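Q: I have a structure open and would like to talk it through with you. Could you take my questions in turn, starting with the overall layout?

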Amino acid sequence: MPAVDNILFSRRRAKRFAQLLDEANGGRRHHVRSRVDGQLAPLVAVGQRLSVDPPAPEVDPEFRTGLRAMLLATAERDGMGTTPATAEPSVARPAATTARGSLLPAATARRARARGAILIGIAAGAVAVSGISAASENAVPGDALYGMKRSTERAQLALASSDISRGQLFLDFARTRLGEAAELRGDAIGYSAVLDDMDADTRQGIRLLTAAALQRAEPSSLDTVNAFVASQHKAVSRLLDGANRADRERTRRSLALLDTIRERSDALRDAIACGLPAPAGSDSLGPAPTTCPGDR
């Protein structure tokens, strides 16, 4: 059965590639070797470079505008967010039959239709997700496509292969919320709400990355935290320029959070350096480190 063997081999290669890429990005070591590791090494190197410095493709403005108009028209036509009307009773259909003429149970037929619908949905989603992301990437709270933008982010989290990858995604989302906040300055309610979401994404990402650093006793995840804090602090500080009093006060709370995160990261780095065990206590920023013996 060469066809089956090829399928299984391709699946093993894909699984091993995912493991190697996860390890290269700081994920859990799988402690296995495969004969295809040498073949996959160049692909892993490319994948790692893309994760560190992802390309920034430019979307054709005409395509973005056209897709946005189509999505808005579809949402209005299909009544997005409304409760669908009760469907009329369907006419009974004859049970499905096999090639031998035996009747399939109704439940089996329903499962088969459900699987078909799922496969069609996955295929359609794979084709459409890049277009939807492009059309909604500039959406801010209040825009019709903002929900699609956040749904795309949730899908990215669901596909992440490790806590480190999810932590990095949350920090990316925090950067995105910062861009949205810049568009909403002067709107007291909207601006504050977006910064609340930004701080929540920041805490989620920091909690995952600091926990990974302590569990692995490696500070590499803390390097990611420090780099994020440094760049994010500068960007958030720019929101103070020309801000009204309410926006300025709210912005300072986000800056204070970043200062606290930097202090936590430094304390965790010291705890790893002096070989302290992973702490049992934690808070919204993850593990709460104890003090090294020489610092008491």
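Q: How many helices and strands are there in the protein?
A: The protein has 9 helices and 2 strands, where helices (H or I, at least four residues) and strands (E, at least two) are DSSP runs numbered from the N terminus. Along the sequence the pattern reads α-α-α-α-α-α-α-α-α-β-β.

Q: And what am I looking at, before I read too much into side chains?
A: This is a predicted model, in which local features need pLDDT of at least 70 and side-chain atom pairs count only at pLDDT 80 or more, while totals for chains, interfaces and linings use all residues. Residues are numbered from 1 along each chain as its sequence is written, and side-chain values use heavy atoms, with hydrogens and water left out.

Q: What share of the protein counts as buried?
A: Of its 296 residues, 31% count as buried, meaning under 20% relative accessible area, with exposed being over 50% and partly exposed in between (1.4 Å probe, protein chains only). The protein exposes about 18700 Å², of which carbon and sulfur atoms supply 57%; such areas come from the Shrake-Rupley method with a 1.4 Å probe, and for residues only the protein chains shown count as cover.

Q: What about contacts between residues at least 6 apart in sequence, how many of those join residues at least 24 apart?
A: That share is 62%, with contact meaning heavy atoms within 4.5 Å.

Q: Let's go to Ser 221. Where does it sit, and is it buried or exposed?
A: Ser 221 lies in helix α8, which covers residues 220-237, and it counts as buried because its relative accessibility is 4%. Leaving aside neighbours within four places in sequence, Ser 221 is in contact with Ile 164, Leu 209, Ala 212 and Ala 213.

Q: Which other residues of α8 are buried, and what covers them?
A: Besides Ser 221, the buried residues of α8 are Leu 222, Val 225, Asn 226, Phe 228, Val 229, Gln 232, Ala 235 and Val 236. Their cover includes α6 (163-183), α7 (188-216) and α9 (245-273).

Q: What span does α8 have from its first C-alpha to its last?
A: The 18 residues of α8 reach 26 Å from first C-alpha to last, close to the 26 Å expected at 1.5 Å a residue; the expected span is 1.5 Å times one less than the number of residues.

Q: How do α6 and α8 cross?
A: Their axes come within 11 Å and cross at roughly 5°, the axes being lines fitted to C-alpha atoms, for helices over the stretch in contact, with angles running from 0 to 180 degrees between N-to-C directions. That makes α6 roughly parallel to α8, given that angles under 35 degrees count as roughly parallel, over 145 as roughly antiparallel, 65 to 115 as roughly perpendicular and the rest as oblique. Among the residues making the contact are Ile 164, Gln 168 and Leu 171 of α6, and Ser 221, Thr 224 and Phe 228 of α8.

Q: And how do α6 and α7 cross?
A: The axes of α6 and α7 come within 8 Å and cross at roughly 160°, which makes α6 roughly antiparallel to α7. The crossing of α6 past α7 is left-handed, which is the term used if the near helix is turned anticlockwise from the far one by less than a right angle, with right-handed used if clockwise.

Q: What about α5 against α6, which hand is that crossing?
A: α5 passes α6 in a right-handed crossing. The axes of α5 (residues 146-159) and α6 come within 10 Å and cross at roughly 165°, and the two helices are therefore roughly antiparallel to each other. Residues that meet there include Tyr 146, Lys 149 and Glu 153 in α5, and Arg 166, Leu 169 and Phe 173 in α6.

Q: Which residues of α5 are buried?
A: They are Tyr 146, Met 148, Lys 149, Arg 150, Thr 152, Glu 153 and Leu 157.

Q: Back to α6 for a moment: is Ser 165 buried or exposed?
A: Ser 165, which is found in helix α6, counts as buried at 17% relative accessibility. Not counting residues up to four places away in sequence, Ser 165 touches Asp 22 and Ala 160.

Q: Last one: where is Arg 35, and is it buried or exposed?
A: Arg 35 is in the loop between α1 (2-24) and α2 (37-52), and it is exposed, with a relative accessible area of 73%. Arg 35 and Arg 13 are 22 residues apart in sequence and 9.8 Å apart in space, C-alpha to C-alpha.
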